[in-house]
Amino acid sequence: MQLIPGLLIHQCERGGGAMLGYISILISWLALSATFYQLHLQRTHNGKSLQPLGQIDLEDRQGHIYVRITNNGMGPMIIDKLIFIKDGKQYMTIVDCMELSARSYTQIGVSESIQKVVLPHSHLTVFETRVEEQDSEDQVQQIRQQLSSIALKVEFRDIYANKTTVERAFHWFSR
């Protein structure tokens with residue numbers, strides 16, 4: 001045990017300070033490398049933990065019909081574009097896909113110039129309408145029939161500019 005410290009002291013007395021200097025530089029370099037690796041791991045972890053998880057929700061219950069984009073992730077969802085697809089054609093708003101009066105429902109559009117941010121565990125309502133009980137069942141069926149032929153594609157990104165797309169057809173309304 002006493003041999004190694006004694007050897008280092010003996011080397012230092014004989015001009016072995018250079019060897020001790022090299023060891024110090026090596027240890028410093030290893031510590032700096034470990035610090036940068038830890039920084040890389042932390043950034044990767046932060047990117048994954050702040051990732052949005054987009055989901056398109058459909059609802060049709062007691063005269064309340066809606067289409068929502070929900071962020072089930074831990075980071076904000078920056079929506080760049082909504083694309084509505086009907087009969088193979090792409091539209092930027094749901095108004096262009098439906099033959100209903102635009103006053104009978106609430107809708108929101110998103111384009112490259114108008115972006116929306118959905119916070120974690122929040123939603124953005126893309127289409128919503130309420131049909132009163134005194135209104136006919138025919139109106140509800142007409143809304144369902146028109147929605148069932150549409151699909152929605154949502155292009156969004158996280159705060160690190162990682163782009164993701166989620167898509168869902170509205171066939172569920174034709175049940």
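Q: Before we start, what is meant by a nonpolar core here?
A: A nonpolar core is a set of buried Ala, Val, Leu, Ile, Met, Phe, Trp, Tyr and Cys residues that are joined through side-chain atoms within 4.5 Å. In this model, which is a predicted one, the largest such core has 30 residues, and those with the most contacts inside it are I79 and L147.

Q: Which elements each supply at least two residues of that core?
A: They are the strands β1 (54-61), β2 (64-71), β3 (77-86), β7 (122-130) and β8 (150-157), together with the helix α3 (137-148).

Q: And what does I79 touch, leaving out residues up to four places away in sequence?
A: I79 touches I69, V110, Q115, K116, V118, L124, V154, E155 and F156.

Q: Stepping back, how many helices and strands does the protein have?
A: The protein has 3 helices and 9 strands, and from the N terminus on the elements run α-α-β-β-β-β-β-β-β-α-β-β. Buried residues make up 31% of its 175 residues, and the accessible surface comes to about 11,600 Å², of which 55% belongs to carbon and sulfur atoms.

Q: What share of the contacts between residues at least 6 apart in sequence join residues at least 24 apart?
A: That share is 62% in this protein.

Q: OK, the sheet next: what is the strand order in the open sheet of 4 strands?
A: The order is β1-β2-β7-β5, with antiparallel pairing. The edge strands are β1 and β5 (106-107), each of which pairs on one side only.

Q: Over how many bridges do β1 and β2 pair?
A: They pair over 8 bridges in the antiparallel sense, and within this region E59 stands opposite Y66 in β2.

Q: Switching to α3, which of its residues are buried?
A: The buried residues of α3 are V140, I143, R144, Q146, L147 and S148, and what covers them includes β1, β2, β7 and β8.

Q: What span should α3 have, and how far apart are its end C-alpha atoms?
A: At 1.5 Å a residue, the 12 residues of α3 should span 16 Å, and the end C-alpha atoms are 16 Å apart, which agrees.

Q: Last one: what is T129 in contact with, neighbours within four places aside?
A: T129, whose place is in strand β7, is in contact with G63, H64, I65, S104, Y105 and I143. T129 is buried, with a relative accessible area of 5%, and its C-alpha atom is separated by 8.9 Å from that of Q107, a residue 22 residues apart from T129 along the chain.

Notes
Residues are numbered from 1 along each chain as its sequence is written. This is a predicted model: local features need pLDDT of at least 70, side-chain atom pairs count only at pLDDT 80 or more; totals for chains, interfaces and linings use all residues. Side-chain values use heavy atoms; hydrogens and water are left out. Buried means under 20% relative accessible area, exposed over 50%, partly exposed in between (1.4 Å probe, protein chains only). Contact means heavy atoms within 4.5 Å. Accessible areas come from the Shrake-Rupley method with a 1.4 Å probe; for residues, only the protein chains shown count as cover. Two strands pair if DSSP finds at least two bridges between them. The expected span of a helix is 1.5 Å times one less than its number of residues.
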